[in-house]
Amino acid sequence: MVSTIQALPTEVVYLITAGEVIDSLVAVVRELVENSLDAGATRIVVSLWPQLWRVRVADNGCGMNLDDLQQAATAHSTSKIHSSADLWKISSLGFRGEALHSLTTLANLEVLSRPLGGSEGWRINYNSEGEVAEVDFAAIAPGTVVTVNNLFANCENRRQGLPATNQQLKAVQGVIQQIALCHPHVNYQVWQNDKEWFTICPAPTVGKLIPQILPQVRQDDLHEVNLKIPNLENSSLHLVIGLPDRCHRHRPDWVKVAINGRMIKSPELEQTILSAFYKTLPRDRYPVCFLHLTISPEQINWNRNPAKTEIYLNELPFWQEQITEAINKSLRISETNIKESVHTTRVSNLIKVAESKGEYNFNSSSSQSSENENYLKAIAQLSNTYIVAEHSGGMWLVEQHIAHERVLYEQLCDSWQLVPVETPIIIYQLSPTQLSQLQRIGLDIEPFGDKLWAVRNIPMMLKQREDAAEAILELSWGGDLQTAQVAVACRSAIRNGTKMSLPEMQTLLDNWQRTRNPRTCPHGRPIYLSLEESALARFFRRNWVIGKSHGI
């Protein structure tokens with residue numbers, strides 16, 4: 001086998017970002033696991049002995065022949081790039097040829113490897129210069145085993161400056177999970193002090209992997225899409241979002257962005273994600289969202305810092321637009337994803353249709369409705385509060401007030417229209433802060449006497465309301481324009497307890513289904529409860545054998 005690891009030319013070394021690659025235990029794990037992935041591994045075993053400052057990473061990748069092993073720890077030696085032009089088309093996780101050489105200067109490094117198809121394996125120990133100190137035959141399956149012993153033995157200050165052991169282990173767990181999200185097809189096993197610590201099993205998609213990392217999130221709580229980017233060859237957008245009516249977080253710790261197989265820090269793209277979820281979650285809650293972009297290597301410069309977690313991305317506004325559009329599409333409810341919107345909690349815990357206090361407005365003629373193209377069809381009203389809707393996969397309960405609130409809020413966002421009033425609305429005793437707030441959202445307001453103020457224009461939705469003065473007072477208590485729009489929508493929406501005709505219910509359902517974010521109201525409350533037909537069948541035991549159900 002021909003050697004593929006070569007020393008980089010001097011001019012390429014000068015172009016590579018300077019900086020130390022190995023600065024912690026987690027950095028050792030990250031660099032070695034990334035090397036395993038570059039080698040095509042489908043199974044990676046990480047073993048840690050923190051008190052001994054020892055790390056071992058074993059994989060079933062392509063392995064290395066003896067020539068490559070002898071060159072592997074030389075400074076700036078790599079098989080992944082060969083010229084300065086290659087820096088602009090990086091397709092591997094590693095490319096600088098620094099990691100193994102850095103380890104030889106900081107620890108005792110041993111590498112065992114056998115190439116796929118090779119008849120023998122080799123074991124090599126390297127000295128502190130990255131040169132071969134000892135070479136031997138090794139009985140090993142195809143793949144590579146790298147062992148780092150006595151890390152930072154010659155840098156006692158470095159050891160003392162690192163966080164406590166439990167914090168380092170938590171960081172290792174975090175980096176393995178991040179890598180697994182980007183490469184879900186790989187099996188990851190992590191051992192600590194010769195005991196199995198945790199395992200991440202391979203999954204066909206990252207959406208099916210996430211529940212292993214976030215046990216409180218079920219697969220049904222997630223929506224996953226994979227979009228090809230038009231007019232951009234080999235570019236795609238993979239998105240997994242937690243449905244806002246199912247799951248969210250106290251902190252923005254699960255807004256994650258990856259590009260071409262590596263998790264990155266991108267404040268601009270993370271803010272784009274947060275903005276797309278605005279007014280879909282409860283106050284002070286954050287989404288669960290994993291975004292993985294596949295982009296032509298020519299559009300990315302990875303050579304920004306040694307950790308390769310920050311990049312220069314060409315055409316950033318274009319990608320922000322694609323991300324926003326993809327999230328908006330994922331949050332909508334359509335015929336294609338209506339079954340994915342089904343709640344799986346036991347039916348008996350969700351609704352008791354036989355309660356005597358329940359009131360039903362049922363119209364059997366609904367089955368003859370001409371609106372056959374609607375995938376949600378209004379059939380009844382429950383307690384003058386919930387619309388009972390039928391679809392091909394089961395039934396939904398839609399809370400009429402907050403569904404209407406979502407409709408009105410999006411209309412206000414699209415067209416915030418202030419209209420004059422013939423008779424000014426008089427407000428009593430406003431503070432300077434309240435006055436400033438009303439002026440900030442566009443209201444025409446002026447003094448009308450001692451502690452009196454006259455409002456001469458109001459949001460159009462409030463014009464016909466008798467409680468317009470109370471609504472204006474509510475708007476004066478603060479918040480931005482969107483907060484005001486939420487308040488107006490909430491006050492203007494149909495109230496629970498209001499009896500609706502079947503056509504009125506169907507119109508509301510149609511308008512609600514067309515909204516951009518139909519899953520929650522602007523305050524973050526879930527709008528609907530879905531009951532799948534199969535769940536109803538299980539509850540009523542329609543799958544029982546007739547003879548058995550009769551006790552035969």
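**Exercise 1. Is Arg516 buried, exposed or partly exposed, and what is its relative accessible area?**

Solution. Start with the ground rules: this is a predicted model, where local features need pLDDT of at least 70, side-chain atom pairs count only at pLDDT 80 or more, and totals for chains, interfaces and linings use all residues. Residues are numbered from 1 along each chain as its sequence is written, and side-chain values use heavy atoms, with hydrogens and water left out.

Step 1: take the cut-offs. Buried means under 20% relative accessible area, exposed means over 50%, and partly exposed is in between (1.4 Å probe, protein chains only).

Step 2: apply them. Arg516 has a relative accessible area of 28%, so it is partly exposed.

**Exercise 2. Work out which residue Arg516 meets in a salt bridge, and which parts of the chain the pair links.**

Solution. Step 1: recall the criterion, a side-chain nitrogen of Lys or Arg within 4 Å of a carboxyl oxygen of Asp or Glu. The partner of Arg516 is Glu410, at 4.0 Å from N to O.

Step 1: Arg516 is in the loop between helix 15 and strand 25, while Glu410 is in helix 11, 106 residues away. Helices (H or I, at least four residues) and strands (E, at least two) are DSSP runs, numbered from the N terminus.

Step 2: check the other end. Glu410 has 5% relative accessibility, so it counts as buried.

**Exercise 3. Find the salt bridge of Arg525 and explain what it ties together.**

Solution. Step 1: the side chain of Arg525 meets that of Glu405, with 3.8 Å from N to O.

Step 1: Arg525 sits in the loop between helix 15 (502–513) and strand 25 (528–532), and Glu405 sits in helix 11 (residues 400–414), so this pair ties together parts 120 residues apart in sequence.

Step 2: compare with the cut-offs. Arg525, at 38% relative accessibility, counts as partly exposed, whereas Glu405 is buried at 0%.

Step 3: The structure holds 16 salt bridges. Another one joins Glu31 to Arg30, with the closest N and O atoms 3.6 Å apart, and here both Glu31 and Arg30 are buried.

**Exercise 4. Derive the layout of the open sheet with the order 22-24-23.**

Solution. Step 1: this is an open sheet of three strands with antiparallel pairing; two strands pair if DSSP finds at least two bridges between them.

Step 1: find the edges. Strand 22 (418–428) and strand 23 (445–449) each have a single partner strand, so one side of each is left without a neighbour in the sheet.

Step 2: Neighbouring strands are turned by 30 degrees against each other on average, direction ignored. Axes are lines fitted to C-alpha atoms, for helices over the stretch in contact, and angles run from 0 to 180 degrees between N-to-C directions.

Step 3: Contact here is heavy atoms within 4.5 Å.

Step 4: zoom in on one pairing. Seven bridges join strand 22 to strand 24 (residues 452–459), and Ile425 has Val455 in strand 24 as its bridge partner.

**Exercise 5. Explain why helix 4 (residues 99–106) is largely enclosed.**

Solution. Step 1: seven of its eight residues are buried, so the rest of the structure largely encloses helix 4.

Step 1: name them. The buried residues are Ala99, Leu100, His101, Ser102, Leu103, Thr104 and Leu106.

Step 2: identify the cover. It includes helix 2 (25–38), strand 5 (108–114), strand 6 (121–126) and strand 8 (143–149).

**Exercise 6. Classify the ring pair of Trp197 and Phe198.**

Solution. Step 1: rings of Phe, Tyr and Trp (its six-membered ring) pair if their centres lie within 6.5 Å; planes under 30 degrees apart count as stacked, over 60 as edge-to-face and the rest as tilted. The structure holds seven aromatic pairs.

Step 1: the rings of Trp197 and Phe198 have centres 4.9 Å apart and planes at 80 degrees, so the pair is edge-to-face.

Step 2: check accessibility. Trp197 is partly exposed at 28%, and Phe198 is buried at 13%.
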